[in-house]
Amino acid sequence: MDEEIGRPRLVVQTNSIAETDKEMPGIRKNEKISYRTVGPFFIIQLVKPGNLNALEGEDYIYLGELLELADKDPHVYFTVLQSSGRFFSSGADFKGIAKAQGDSSIEYASETSKWLSNFVARNVYVTDAFIKHSKVLICCLNGPAIGMSAALVALCDIVYSMNDKVYLLYPFANLGLVTEGGTTVSLPLKFGVNTAYEHLMFNKPFKYDTLCESGFISKNFNMPSASSEEFNTTVLEELGRKVEGLYLPSCLGMKKLLQSNHIDSLNKINSMEVNESLKYWVDGEPLRRFSQLGSKQRKHRL
Ligand SMILES: CC/C=C/CC(=O)SCCNC(=O)CCNC(=O)[C@H](O)C(C)(C)COP(=O)(O)OP(=O)(O)OC[C@H]1O[C@@H](n2cnc3c(N)ncnc32)[C@H](O)[C@@H]1OP(=O)(O)O
């Protein structure tokens with residue numbers, strides 16, 4: 001940030017994979033997720049609109065690693081999540097889940113061992129990265145978000161929407177799963193206990209009206225005919241103006257204090273959720289249902 005004339009100027013520091021590789025040797029490439037820093041903003045973008053930005057286990061791990069990167073960068077104050085195309089993210093990739101099940105190259109001692117590796121460890125890691133993230137997490141919701149991705153959206157501090165078509169769906173009951181990604185705590189917290197029950201038990205999307213009434217969405221940019229790219233650019237420009245003149249360490253200090261309200265219950269539930277879920281994976285019901293989803297025999301009611 002250039003504050004010579006008292007106004008921060010947004011400077012693109014890096015936005016190519018080659019550049020980031022040079023700076024961050026521990027981080028590998030990921031074709032579905034890009035990242036760059038612009039002034040005080042660390043921007044993570046989902047860039048696989050073809051499958052509605054569905055993410056595999058490794059992609060969720062990558063998200064967690066990027067959050068750690070943003071955490072460590074002293075010039076970063078805000079971590080901004082963006083996406084592309086018509087969905088923010090359609091959640092766990094059913095093809096990835098089928099791959100984990102069919103992979104005969106790894107011999108697991110038991111089904112428990114397999115799902116500890118393919119589900120528990122990954123989920124707990126990325127959820128923890130979001131729960132403890134020290135920078136202000138901003139989500140630019142260009143479209144609907146589902147499942148684990150929607151859980152991560154619910155862990156963000158500020159959410160902007162592109163239009164009134166956005167929704168969040170937590171289809172755990174339809175997929176033979178239980179709440180994950182901290183949603184046991186985050187949804188009652190953000191929507192109220194009874195509203196969370198109604199939507200979780202009956203696999204009902206949180207539509208725009210509920211997202212607004214509850215204050216989950218801080219601002220609707222109301223860009224019904226814009227592309228996600230235009231929305232992302234508009235939000236970033238507005239954020240640039242909003243941070244002008246601010247003492248940004250104050251923002252991090254307040255984030256730490258606000259985070260302290262719920263961090264203990266989120267940490268506790270992260271472990272409880274994955275341990276409860278493990279039984280379901282070992283039993284096999286989620287696999288059966290994900291496979292039906294992949295072959296379009298099963299649909300979510302939207
Ligand atoms: C780690 C375990 C954690 C699990 C927690 C979860 O994340 S649970 C949530 C899992 N995700 C879902 O249940 C969503 C599945 N997708 C859908 O229900 C529908 O695609 C949709 C999101 C309601 C959108 O429907 P629409 O009719 O608008 O589009 P399509 O179905 O035609 O989808 C377009 C292409 O995108 C592919 N795709 C969509 N979602 C996923 C996904 N989750 N995994 C992989 N691929 C996905 C879809 O197959 C289409 O691709 P084509 O090649 O064009 O067929």
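At 24% relative accessibility, Glu285 counts as partly exposed. In this report, buried means under 20% relative accessible area, exposed means over 50%, and partly exposed lies in between, with a 1.4 Å probe and protein chains only. The model is predicted: local features need pLDDT of at least 70 and side-chain atom pairs count only at pLDDT 80 or more, whereas totals for chains, interfaces and linings use all residues. Residues are numbered from 1 along each chain as its sequence is written, and side-chain values use heavy atoms, with hydrogens and water left out.

**Salt bridges**

A salt bridge is a side-chain nitrogen of Lys or Arg within 4 Å of a carboxyl oxygen of Asp or Glu. Helices (H or I, at least four residues) and strands (E, at least two) are DSSP runs, numbered from the N terminus. Glu285 forms such a bridge with Arg289, their closest N and O atoms being 2.7 Å apart. Both residues belong to helix H12 (residues 285-294), where 4 residues, or about one helical turn, separate them. One network, made of salt bridges that share partners, joins Lys32, Glu56 and Asp59.

| Residue | Relative accessible area | Class |
|---|---|---|
| Lys32 | 14% | buried |
| Glu56 | 22% | partly exposed |
| Lys255 | 7% | buried |
| Asp157 | 39% | partly exposed |

**Helix H10**

Besides Lys255, the buried residues of H10 are Leu248, Cys251 and Gln259. Seen down the helix axis, the buried residues fall within an arc of 65° and therefore line one face of H10; the arc is that of the directions from the axis to the C-beta atoms. An α-helix has 3.6 residues a turn, so residues three or four places apart point the same way. Lys256 and Leu257, on the other side of H10, are exposed. The cover over the buried residues includes S4, helix H4 (111-132), S5 and helix H11 (263-283).

**Strand S5 and the cores**

Strand S5 (residues 136-141) is mostly covered, with 6 of its 6 residues buried. Val136, Ile138 and Cys140 point one way from S5, while Leu137, Cys139 and Leu141 point the other way. Strands pair if DSSP finds at least two bridges between them. S5 pairs in the parallel sense with strand S4 (residues 78-82) over 4 bridges, and 4 bridges also join S5 to S7, again running parallel.

A nonpolar core is a set of buried Ala, Val, Leu, Ile, Met, Phe, Trp, Tyr and Cys residues joined through side-chain atoms within 4.5 Å. The largest has 62 residues, and Leu66, Phe130 and Leu141 are among those with the most contacts inside it. Apart from it lies another core, of 21 residues, including Phe41, Ile43, Ala226 and Phe231.

Key:
Contact means heavy atoms within 4.5 Å.
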